[in-house]
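Please look at the sequence and the structure before reading on.

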Amino acid sequence: MVVDQDQQWLLGCLTASLDPNQNVRSFAETSLNQASLQPGFGSALCSVAANKDLSLGLLWSSLTYCYLAAVLLKQFIKKHWRENEEDFEYPLVSSEEKALIRGLLLGSLDDSHRKICTAISMDISSVATYDWPEEWPELLPFLLKLISDQNNINGVHGALRCLALLSGDLDDKDVPTLVPVLFPCLHAVVSSPQSYDKYMRGKALSIFYSCISVLGAMSGVYKTETTTLVTPLLEVWMNQFSLILEHPVQPDDPDDWSLRMEVLKCLNQFVQNFPFLMESELIAIMRPLWHTFESSLQVYLRSSVEGAEDSYDGRYDSDGEEKSLDTFVIQLFEFLSTIVSSRRLAKVLASNVRELVYQTVAFLQVTEQQVHTWSTDVNQFVADEDEGSFSCRISGILLLEEVVNTFGREGINAVIDAAGKRFHESQNEKIAGSSSWWRIREAALYALASLADQLVDAEDLGTDHTNLAKFIEQLIMEDTGTGYHECPFLYARIFTAVAKFSSEINPGILEHFLNAAVRAINMDVPPPVKVGACRALLQLLPDMNRSVILPQIMNLFSSLTDLLHQASDETLILVLETLQQAIKAGHEASASIESIISPVILNVWVAHVSDPFISIDIIDVLEAIKNSPGCLHPLTSRILPFIGPALKKALTCSFCPQCTIFSSLPHQQPEGLVSGSLDLLTMLLKASYTTWIDVVKTAYEFCFDAVIRIILHSEDNSELQNATECLAAFISSGRQELLSWSGDPSLTMRSLLDAASRLLNPDLECSGSLFAGKYILQLILHLPSEMAPHVQDLVAALVRRMQSAEISGFKSSLLLIFARLVHMSFPNVDQFINLLVSVPADGHENSFAYVMTEWTKQQGKHLSLLRYLVGAYQIKVTCSALALLLSTRHSEFAKVNVPGNRIQSNGGITTRSKAKSAPEQWTIIPLPMKVLALLADTLIEIQEQVLGCEDEDSEWEEVDEVNVEGEKDLLRSTGASQSSKPSYDQLEAMARTFENQDDGDGDDDFHVTDPLNEINLASYLADFMLKFSSGDRPLFDNLCQGLTNAQRNVIQTVLNR
């Protein structure tokens, strides 16, 4: 391709954009930006990127120009290809230039340089996002033709790379039509190792995987159709998978690892979504799968554990895909876990469970890279041990957990047996003089400790706890003579194992390790040992006999306090958590060291106040000190002089040029100090049995005015949130007495109302007002007579704030205020409705219509999240308030219609484009019918908390016999019959379960004092249903006609009691 004058200019600009001189680069970039606004710029870029004469040049710079042009073209497409897109900028590329670019790109897919080919493929994918298939119907036929041309290997590579990018955007309309034509092409590539390298075969499998994933997602709605498509594929593809997995895994061959990984991903999709088809096929593939499993262990031991060969850790291929050995092993574990977790398919492994577990334990060994990393960075050691992290070790543990869950006693025995064998192997290695003998022993302990809960709780499975205890004691006592420095990671694991099995281990041995952990924290030992000691103390201290703890407690306080100065990041959090448990365990002894430990903790708090994760743990430590006998007043006397000036400085610096504070605080306050100080103050005020009213009054004198002024004037959302919670704590703890402390109750009340007014200002960001509902709830609960004259203004402000709210949770908290006001208006609820009717609301007939529309929307969300996010208190208050409102039979109810049930689409996968073109639609029903439906749904949700039993197999499978039996046991436990309809006694049992559950609002205790928190919700709703139905039976029957069968059934249950 000849380089014309325009291309020559463009090449000059591209050259200059890489110049080391900043001025030259800036001029070139400006020139390119200006040129991008001219017609033909996109096609010029494309011409350079597609110029094979340039890309075939031997000079590195020639390739760089092509690649850079392709990258710039992708940016150009994003900005100028389609109007109305988020990133669109004028001018719009003309239709003629688009066609030219599309043609040039397709003609360049067979570039011999993979980097250029990848960049061209990304350009095609970007264009296809906008144009395919409507405006670019020839794209897919071209790619399919190119992929079938065995004489053009570069073309096959380009087509595969492009299809791999496009396959992520395929949906349920595309894939069924593609399968018959695309899959034979892909199979031809995968099955021809003599023609195509492992990279290209792996890329073909990644496309196959994307399509199978779509078919799997479709199978829930189109089971028959997808089964018809998939069934003919199974045999031919399973044969190919077997051939790939049959050969032993080789070291130093990341392309082979990636190829096998793609096979495992495809198999995983088949097993997850088509288990009924895989039963017979899986038996045939298990032998080659086992060959891969066993041979990969040998490679893993040499490459990762011993570090004798390259594991390619942290390295990626040209497409950005990780190609490490760890990634492959994790995928192998994931597939095996999927098989084991399916009761339908797990039987194919039943005869090899012990061997599977035995081999898996070997994968759990600490690698050479981990030894190096953890030895130099203890924070990484703590992070990698955390349950939220992911690695080959953790993936292996997840597999063992599935084995125990599925195979029960047999799985547990397999784990114990494997640990015992590996322990004896480590003994032999130690005798033989191996320096790495400790690795397999640590792995065995790691497996046992990770599964401790299942092993300890397995009495019903026949586990001999006496033998288990002796076995664990043997493992942990074997190495007590080994030095900490010789095997730090083994000792860290021993400490953890002791804590995990503390309920089984002999008390004398526990006391030995408790003392050892306390000594280790104070000794010059490797940091991982101290980490293990802290983890042990975290779990041992809460349950140990005080007579054992108290002789050690002063040494422990001293050691942990010293450790605070050495710790950082992850380790600091661990030390703080350990210190918190030590303070709780020491309890009475804490008073004697409060004067020593509190100043240290406060200094650590100041140093880390800008880190919310660390500062919240520090506050938890201070709260533990606060709750210890004799510590509240001295701690308060330290905190208030410390934070009072910080809060005042935040104000005086903003509004007065001259401010003075205690000399202990720096002139420039650390970021987050004000927010953190408010958190600290809230902790002091939080209601508990140790909080005395004089402490609240002292805090009021130091800080109340500052908190009010922060709410009135701060623009910082974090400060506003924390100040709002703090003010709520003041009211919850001080109550009526708080009004008199200033000497002018009306002035204090005015300040409280001003704060509420600011928080309900529609112009304030939602994030700043986030806890306004919590604060106002305290006002109406504890200062009801003072709030009564302001109810109408409050309602109007709440409505305005709700209408400007963008955060669903915030809107929900304001609706809770309306619900509480309904209760406060009882028995004159109809008057409260009249009040709502009298208050206007933008876009609605009145505030009643608006509030009830929003309330019914939010209530449905609450019910669906009942088990997870929404507290029992909120459900109790809002549901009982809805019942009170409906019981009035107020005439306004008949005037309001609200969204009822969502109208189901025609099925299929909801893609982004579908969601944009066809938003959710809802039926419209009368308000009384919706309220009755929500109350019935509440009873159903409470019922499901007891009876709900998720299917452990694929969600598309039928429930198997094991789950059915489990559900029958649950029914029997609540006294239920095994019919589909629950009895009223059963509902009573459900109600008790609901009443006893932890509240989802567990981070505050403000609602505990509300009498409504004592409502038995199931009984309350049952009584309401009886009274409402008997009061106006025709109305009740009419409303029930619009309910679902499940809703009518649960209502009939309570009516028949």
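## Fold and local features

In this predicted model, residues 24 or more positions apart account for 74% of the contacts in the protein chain with a separation of 6 or more. The secondary structure of the protein chain comes to 49 helices and two strands, and buried residues make up 55% of its 1057 residues. The chain exposes about 45,700 Å², of which carbon and sulfur atoms supply 50%.

Helix α25 (residues 507-522) packs with helix α27 (residues 546-566) at an angle of about 25°, and their axes are 8 Å apart. Because angles under 35 degrees count as roughly parallel, α25 and α27 are roughly parallel to each other, and their crossing is left-handed. The residues that α25 brings to this meeting include Leu 514, Val 518 and Ile 521, while those of α27 include Val 548, Leu 556 and Leu 563.

The cysteines form zero disulfides. Cys 726 is in no disulfide, since the nearest cysteine sulfur, that of Cys 703, is 7.2 Å away, whereas a disulfide needs a pair of cysteine sulfur atoms within 2.5 Å. Cys 726 is buried, with a relative accessible area of 0%, and Cys 13 is also buried, at 9%.

Asp 131, found in helix α7 (residues 114-131), is buried as well, with a relative accessible area of 0%. Leaving aside its neighbours within four places in sequence, Asp 131 is in contact with Trp 81, Arg 82, Arg 102 and Trp 136.

The backbone has some features worth checking, given that most residues other than glycine have a negative phi, and most peptide bonds are trans.

| Peptide bond | Omega |
|---|---|
| Tyr 90 to Pro 91 | near 5° |
| Phe 826 to Pro 827 | about 10° |

Pro 91 is found in the loop between α5 (60-80) and α6 (95-106), and Pro 827 lies in the loop between α39 (808-825) and α40 (829-838).

The loop between α5 and α6 also holds Asn 84, which has a positive phi of about 70° although it is not a glycine; Asn 84 is exposed, with a relative accessible area of 81%. Asp 569, which is not a glycine either, has a positive phi of about 50°, but Asp 569 is found in helix α28 (residues 569-586) and is partly exposed, with a relative accessible area of 47%.

Note on methods:
Residues numbered from 1 in each chain as written. Predicted model: local features only at pLDDT ≥ 70, side-chain atom pairs only at ≥ 80, totals over all residues. Heavy atoms only, no water. Buried < 20%, exposed > 50% of the residue type's maximum accessible area, 1.4 Å probe, protein only. Helix = DSSP H or I, 4+ residues; strand = E, 2+ residues; numbered from the N terminus. Contact = heavy atoms within 4.5 Å. Areas by Shrake-Rupley, 256 points an atom, 1.4 Å probe, with all protein chains shown as cover. Axes fitted to C-alpha atoms, helices over the stretch in contact; angles between N-to-C directions. Parallel < 35°, antiparallel > 145°, perpendicular 65-115°, else oblique. Left-handed = near helix turned anticlockwise from the far one by under 90°.
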